[in-house]
Amino acid sequence: DGEVLEKARRVEKIYAGDLYVPSADCTGLVALKREEFKMLYADAMVSGADAALRLKRVRTAARLAANALSVDDMREDAVIALVSALRASGRDAEADRRYKRYARRLSLTMGRLPSWRLRQVMRGADALEEASE
């Protein structure tokens, strides 16, 4: 987990945001690379957030998960990591707002509810323990 977190923090420092979009991208290569880099960055941020949570570094986990959501606001694994980190740091009201905003967007754009896992994270650790028994 320590190595994953360290590498995620390095990616966080390296990634400067979207690539420049030329006025004409005839081959589509730039657009393809932009999406590829964004998804790789989001993957690294979610992995780092998960590792930080396991290491009890909740502020770092929240920051990395928020970074992932900044490039793809519909990534449920990033929302799970962010809500978990916020709840672990005692920021339940913010976790609730983030969850509701995501659930509303998911319902409007895809016509479905958040996953069972995300709903369980929102219910708290007690619900997860009860479900595993």
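Predicted model: local features only at pLDDT ≥ 70, side-chain atom pairs only at ≥ 80, totals over all residues.

Entry 1: I started with α5, which runs over residues 92-110. I count 19 residues there, and the helix reaches 26 Å from its first C-alpha to its last. That is close to the 27 Å expected at 1.5 Å a residue. Just after α5, I found G111 with a positive phi of about 65 degrees.

**Entry 2: in or out.** Which residues of α5 are buried? I get A95, Y99, Y102, A103 and L106. Looking down the axis of α5, I see these buried residues fall within an arc of 100 degrees, so they line one face of the helix.

**Entry 3: what the buried face meets.** I checked the packing next. The buried residues of α5 pack against α4 (76-88) and α6 (116-123).

**Entry 4: the core.** I then looked up the largest nonpolar core, which has 36 residues. Elements giving two or more residues to this core are α1 (2-14), α2 (29-54), α3 (58-71), α4, α5 and α6. Its largest share, 9 residues, comes from α2. M45, V83 and L118 have the most contacts inside the core.

**Entry 5: a closer look at L118.** What does L118 touch, leaving aside its neighbours within four places in sequence? I list E76, V79, I80, V83, Y99 and Y102. Y99 and Y102 were already in my notes as buried residues of α5.

Conventions: Residues numbered from 1 in each chain as written. Heavy atoms only, no water. Helix = DSSP H or I, 4+ residues; strand = E, 2+ residues; numbered from the N terminus. Expected span 1.5 Å × (residues − 1). Buried < 20%, exposed > 50% of the residue type's maximum accessible area, 1.4 Å probe, protein only. Arc of directions from axis to C-beta. Contact = heavy atoms within 4.5 Å. Core = buried A, V, L, I, M, F, W, Y, C linked by side-chain atoms within 4.5 Å.
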